[in-house]
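Let's take a walk through this structure together.

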Amino acid sequence: MKNKIIATLAAFGMVASASAVKINDNISINGFIDSSYNNYDETIGGAQQETTNTGIDEVELNFLVNAGNVSGELHIDNNGDADGSLDIEQAHFTYNFSNGAYVKVGKFGSNLGLEREDPAGLYTYSRAYGTFNPSRAANAGVVYNLGDVDGIYVGEGARFGYAAGDFSAALSLFNGVGALEEGPTLGVAGAPGENDYDYELSVSYTGIENLSVTAGVLNTSAVDSKPGNAADGADIDIYSVNAAYTLNKILIAGEYTSLEVDGLDDLSAYLLLLDYDINDKLGVAIRYSEWETAAATQSDKITFAPNYAITNSLGAIVEFSAEEASNGDEEDSIAVELTYTF
């Protein structure tokens, strides 16, 4: 199944080069159209509500450029905005040195997170932490979705990386889109006059056959990302490790993330994922996730998601999820997703 191949490549950071349509020797294009039907049956604060939606969730077109030692990517998408506007999700260029080192400059997402940025890189419709339900105006669990470039973990800056054999490492220095290194942050009352660069250090290892491991730390601030109810300017340290192992037709994956915010209790989250390919077209994913949103407050979610390759380019996922919080809130959801990749 094509989506499965892309999801596997996502674990190794190679999604951008997968299945691209070559225009000439220097330019290729790929992308996807993602649509869904979803139904949420919730009990929030003792009140029950049900919402149903059908529509286009995201459309993305990626331009991939390669000229000598320099490569570039431009990702243009609409991720369900009501006005149908197009956004530049990512835009960056990379200079590759002959010794395995590289420098990337521009707008890009985090290297961390088992679940990557696009629907074509997921085994399920929903993400592990939190919900897609638009009726939920706030859900603190989304702070753990590190790979979601359409969420809070996207910045502008530079990434310095090196790959040698089975190991690769990268150091990123960046700030949130629109954030200033010095001077007040536009639209943020009481923001500090100085906002040091956020940084991320990530390391990956693929030296054992069929196994990939990524670990790292991300330091950011509430000025950029607003997780939980942290005060503006509070330092946030996020430590994360994930691993994926393939055994014949079975993929076993897991992730653990720890969140330390100045002035708040330390929080954590984890997920476990099992994906089994019944045949070349039909598979099923089962995922369990648990995350803390405040001291003594946590949520858990179990997801069952059969998937089917209708064609080499069109994949379908049917998902059943049940989410429950320790405060008594709960949600049952059903979704049918169609993703066309090219």
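**Starting from one tyrosine**

Leaving aside neighbours within four places in sequence, Tyr-144 is in contact with Tyr-129, Thr-257, Leu-259, Leu-267, Ser-268, Ala-269, Trp-291 and Glu-292; contact means heavy atoms within 4.5 Å. Before going on, please note that this is a predicted model, in which local features need pLDDT of at least 70 and side-chain atom pairs count only at pLDDT 80 or more, while totals for chains, interfaces and linings use all residues. Residues are numbered from 1 along each chain as its sequence is written, and side-chain values use heavy atoms, with hydrogens and water left out.

Tyr-144 also belongs to the largest nonpolar core, which has 24 residues. A nonpolar core is a set of buried Ala, Val, Leu, Ile, Met, Phe, Trp, Tyr and Cys residues joined through side-chain atoms within 4.5 Å. Here, buried means under 20% relative accessible area, exposed means over 50%, and partly exposed is in between (1.4 Å probe, protein chains only). Tyr-129, Tyr-144, Ile-238 and Leu-259 have the most contacts inside this core. Two or more residues each come from strands E11 (235–247), E12 (250–261), E13 (267–277) and E14 (282–294). Such strands (E, at least two residues) are DSSP runs, numbered from the N terminus, as are helices (H or I, at least four).

Now look at the aromatic rings. A pair of aromatic rings is described by the distance of the centres and the angle of the planes. Rings of Phe, Tyr and Trp (its six-membered ring) pair if their centres lie within 6.5 Å; planes under 30 degrees apart count as stacked, over 60 as edge-to-face and the rest as tilted. How many aromatic pairs does a search of the whole structure find? There are eight. The ring centres of Phe-108 and Phe-174 are 6.5 Å apart and their planes stand at 70 degrees, so this pair is edge-to-face. Because Phe-108 lies in strand E6 (residues 101–109) and Phe-174 in strand E8 (residues 167–176), the pair ties together parts that are 66 residues apart in sequence. Both Phe-108 and Phe-174 are buried. Phe-167 and Tyr-205 have ring centres 4.8 Å apart and planes at 40 degrees, so they form a tilted pair. Tyr-205, at 26% relative accessibility, is partly exposed. Ring pairs also link Tyr-129, Tyr-144 and Trp-291 into a cluster.

E6 pairs with strand E5 (residues 87–96) in the antiparallel sense over six bridges, and Tyr-95 has Val-103 in E6 as its bridge partner. E5 and E6 form a hairpin with four residues between them, and Gly-100 in the turn has a positive phi of about 100 degrees. E6 is also joined to strand E7 (residues 154–164) by nine bridges, and these two run antiparallel.

Asn-248 lies in the loop between E11 and E12 and counts as exposed at 74% relative accessibility.

Finally, consider the predictor's confidence in each residue, the pLDDT, which goes from 0 to 100. The protein chain averages 83, and 79% of the residues score at least 70. Over residues 1–18, pLDDT stays under 50, and over residues 223–232 it is below 50. Where pLDDT is low, the predicted coordinates should not be read in detail.

Definitions and conventions
Pairing = 2+ DSSP bridges.
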